[in-house]
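Trainee: Could we go through this structure together? I would like to learn where the terms come from.
Mentor: Gladly, let's take a look.

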Amino acid sequence: MKSNSIAIVGAAETTELGTIPDMSQIQLHADAALNAMSDAGLGLKDIDGIATAGESPVNLAHYLGITPTWVDGTGVGGCSFMLHVRHAAAAINEGLCTTVLVTHGESGRSGIGRGAYRGSPSSLPGQFEGAYGGMGPTTSFTIPFLRYMKDTGTTLEQLAMVAVVQREWAARNPRAKLQQLTSVEEVMNDRIIAYPFTKSECCLVTDGGGALILTSAERAKDFPTQPVYIVGTGESVETPMISQMADFSSSRAFKVSGKKAFDEAGIEHNDVDHLMIYDAFAHLPFYGLEDLGFCKPGEAGAFIEDRNTAPDGGSLPLNTNGGGLSYMHSGMYGMYALQESVRQLRGTAAAQVEDAKLSVCHGVGGMFAASGTIIMANEVV
Amino acid sequence: MADKSKLPVPQPTPETQHFWDATKAGELKLQKCEDCSHIYFPPRPFCPKCASKSVKVFSASGEATLYSYVINHRPHPAFDGPYSIAVVTLKEGPRMMTNIINCEQTPERLRLDMSLRVVFEDLSQDIALPYFEPMEASS
Ligand SMILES: [Zn+2]
C-alpha cells in the first residue's frame, strides 16, 4: 500500500472485557463498533466499507444497519484484522469506499452466540493431525518450541521470563485480567498444560471485542482524535497444519509479512518505539523478535531475559497492554494488539511509552498458519 | 480407561484414499515427483514444488526421527495420563504428526532426534493410524 495515505481515525474496545455473559458474539462486535464510531464522531451512514472475521460480514452489516460498497471477510485466524487494515487501505486508495469499519467480537469464555469451532475429518488437518489427541491451540501451537530450544539453546527460564515481563506491563493496566506480579519460579511451577508449557505461558480465555475505523490521511485531519497513519503493511500464509510448517525455529509467514511491512514503511528497526507481537503462547515473542529482524536467530530469549522489552527503561517496549498472556485473549487477539498500538500512538495507553511515535504490530493466525504486520505512526513518516 | 472411539476418525478423500488403504495394509505411502524428484506429504495428485502431475506413490521405509513434541497434561478420554503429540521427520524427508507410543511419556525418554519406526493401529474398521515407536525399545 501507499505509505502514509491512510489513517485510523476511530478505535475502541468493548465497554467491558473479561467475562461478559450478557452479550452474544454479534453484540460484542456491535458494542465495539458503536464505541469506535463514537470515538470518531461518525454515524452508521458514514460507514461504506466493512471487514470482519469470525462472523460473516453479511451478518455484521445487517445487524449494524450498514449498506457497504466494499466488504472483506478474510478469515485467517487472529491476525485477520491486520489483513483487513491492509486490504482496507488499498480499497480506500482505489476509491472502492471512503470509510471502513473493521470489527472483532468473540464470546471466547462465555460462548454466547458463538458458532461451532471444529474442523472437518475430511480436511487435510482432519485426516493427518486430527486423530492424535490434539486439544486445540495448547497442543499444536506449542509443538515447535522444543525444537526451537534445541536449535537455539533457549531455556525454559527464558520462556517463563516472557510471562513475567508481560505481567509487569499488565500490572500498570487497570483493564488487564491478570495484574499481580509473578516470578520465573512461579511461572515454571504453575500447572503443566502441554509440556513444556505451563498455564502462565498460555493465553487467557476471555470475552470481548474491538473495532477500528479507517479513512484517507487527507480526511483524517478533520477528525476529533489524533490520526494514526498506516506506514507499512504485510501479510502472508504458510500452512494449516503445524506438522507441515517448514522450519520449527522460524515462521515463514512472519518473515514474509514482516519484510513486506518494513520495506513499505522504509524504516529501520532502530526507529521503532513500540512493538506488539501476538502472544497466544509465551514462545511467540521469540519468533516475532527474530523473524521481524529485531534480534538475530536464537537471541530473543536473552533479549527478553535482559529486560530489553520491560517497563522502566527497556529499549523496545513489547506487549505493553500485558498481551494475550495477561491482558485478554478472546480467541482472535489481533484486534487488541492493534488497539494498544493506536493507544500508544495517541498517548492514551495505561502503560504509556514516553514519546512513542512509531509502532509495529505483528499478528499470527491459526498455529503459525498466517501472519499480518501493520506499522503505524502518529505523524507522517 | 482410554477409549480410542473418542477420537475423530479421518475421512479419506479421492486424493488421499491410497494413503489410508495402505495404512490399513500396514504400509506407509509417500509420493514422489517424476519430474523434479521431490518427495512430499500429505497426498495430492500433483507436485507442490513444480506443479507436475507426473507423480508416483511409493512405500516409505517407515523410519523417522523425532523433530519436536508436546506432552499433553489435560485429560483426554482417548488416553490414560499425559501423552505425547509429536512431529517426526521421515527418512525420506517429509514430516508428519503422530503419537510416540511404546515409550514412557516423559521428556527424559522422548529425546529430540531419537530414531523411530512406524507402527499401525486400527482406529476404526476402515482406518488404521500410523504411530511411531522408538527403534531401540523393541530391537
Ligand atoms: Zn516436482
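**A glutamine between two chains**

Mentor: Let's start with Q127(A), which is found in helix α4 (residues 124–128) of chain A; helices (H or I, at least four residues) and strands (E, at least two) are DSSP runs, numbered from the N terminus. Please keep in mind that this is a predicted model, where local features need pLDDT of at least 70 and side-chain atom pairs count only at pLDDT 80 or more, while totals for chains, interfaces and linings use all residues. Residues are numbered from 1 along each chain as its sequence is written, chains are lettered from A and ligands numbered from 1 in the order in which they are written, and side-chain values use heavy atoms, with hydrogens and water left out.

Trainee: Why is Q127(A) called buried?

Mentor: Buried means under 20% relative accessible area, exposed over 50%, and partly exposed in between (1.4 Å probe, protein chains only). Q127(A) has a relative accessible area of 0%, so it is buried.

Trainee: What is Q127(A) in contact with, leaving aside its neighbours within four places in sequence?

Mentor: Contact means heavy atoms within 4.5 Å. The partners of Q127(A) are P121(A) and S122(A), together with P10(B), Q11(B), P12(B), T13(B), T16(B) and W20(B).

Trainee: What makes the pair of Q127(A) and T16(B) a polar contact?

Mentor: A polar contact is a pair of N or O atoms within 3.5 Å; within protein, one must be able to donate a hydrogen and the other to accept it, and residues adjacent in sequence count only if both atoms are side-chain atoms. The side chains of Q127(A) and T16(B) make theirs at 2.7 Å.

**The two chains together**

Trainee: How many residues of each chain are in contact?

Mentor: On chain B there are 40, and they are in contact with 35 residues of chain A. The area buried between the chains is about 3,200 Å², with 62% given by carbon and sulfur atoms; buried area is the accessible area (1.4 Å probe) that two parts lose on being put together, summed over both.

Trainee: How do you know that R147(A) and D113(B) form a salt bridge?

Mentor: A salt bridge is a side-chain nitrogen of Lys or Arg within 4 Å of a carboxyl oxygen of Asp or Glu. In R147(A) and D113(B), the closest N and O atoms are 2.7 Å apart. The count between the two chains is two salt bridges.

**Strands**

Trainee: What makes β5 of chain A and β4(B) a pair?

Mentor: Two strands pair if DSSP finds at least two bridges between them. Strand β5 (residues 192–195) of chain A and β4(B) have two bridges, in the antiparallel sense. Y195(A) stands opposite I71(B) in β4(B).

Trainee: Which strands form the open sheet of three strands in chain B?

Mentor: Its order is β2-β1-β3, with antiparallel pairing. β1(B) and β3(B) pair over five bridges, and strand β1 (residues 29–33) of chain B pairs with β2(B) over two bridges. Q31(B) stands opposite Y40(B) in β2(B) and opposite V57(B) in β3(B).
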